[in-house]
Amino acid sequence: MEQRISLHVLGLAYSQLQSGAYALVLAEDCGPRRIPVVIGAAEAQSIAIALEGMRTPRPLTHELFVSFAHAFGVKLKEVFIYRFEDGVFSSELTFSDGERTVVIDSRTSDAIAIALRTHTPIFTTEEIMQATGFVIADEDINPMDDEADDSIDESEPARPRQGADYHAEPRPENFTVEELERTLAALIEKEDYEEAARISEILQRKKGE
């Protein structure tokens, strides 16, 4: 039987390889290796909400899937990332109702989003870990770094934009933890989940600091 490696979600970061995408970083449970999985913005938003344990006013797609499975007594037993080919990770979900066990193919981003909501173990193979894994210190990962910071030229004095109010709006990065939590709650109430995911990542980074 092939050796399986147990993984957990380390965090999310902006993808340096694909514009508008994110890197889901999976970490080896008993080792220093990491796996980056490129995912879309919608999936990153769903995973960020699960990581923060946020409750949305209405169920998102992955939450609806989990509720549907639970309503019929079906439990997700494991997520297995079994293949890496042409830059794409393939995963499968193993479900059981106590009598039958069914394995279903899935996008890795969807599989992780569901696993986080059901506290399901995640595995991959040693072959995939060797092919895609890398070693990095946890503190070197800066989830969801503000893209705007990359374009600032610090050698030039700051000037208000033409037609803009002279007093710039406060940046969420400068908020306190309490202010971020209030902002996050308000965004969820308004169902602005995209901005909520961004604020959630800033909050997570501040708490880590």
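**Close-up views of a predicted model**

**View 1. Surroundings of Leu26.** Beyond its neighbours within four places in sequence, Leu26 is in contact (heavy atoms within 4.5 Å) with Leu7, His8, Val9, Leu10, Arg33, Arg34, Ile35, Val37, Ile81 and Ile112. This is a predicted model, in which local features need pLDDT of at least 70 and side-chain atom pairs count only at pLDDT 80 or more, while totals for chains, interfaces and linings use all residues. Residues are numbered from 1 along each chain as its sequence is written, and side-chain values use heavy atoms, leaving out hydrogens and water.

**View 2. The largest nonpolar core.** A nonpolar core is a set of buried Ala, Val, Leu, Ile, Met, Phe, Trp, Tyr and Cys residues joined through side-chain atoms within 4.5 Å; buried means under 20% relative accessible area (1.4 Å probe, protein chains only). The largest has 30 residues, of which Leu7, Leu24, Leu26, Ile35, Ile39 and Ile122 touch the most other members. Apart from it lies another core of 13 residues, including Phe175 and Ile188.

View 3. Strands pair if DSSP finds at least two bridges between them.

**View 4. Partners of β4.** Nine bridges join β4 to β5 in the antiparallel sense, and Ile81 has Ser91 as its bridge partner in β5. Two residues separate these strands in a hairpin, where Asp86 in the turn has a positive phi of about 55°. β4 runs parallel to β7 (residues 122–125), with three bridges; Phe80 stands opposite Phe123 in β7.

Methods
Buried < 20%, exposed > 50% of the residue type's maximum accessible area, 1.4 Å probe, protein only. Helix = DSSP H or I, 4+ residues; strand = E, 2+ residues; numbered from the N terminus.
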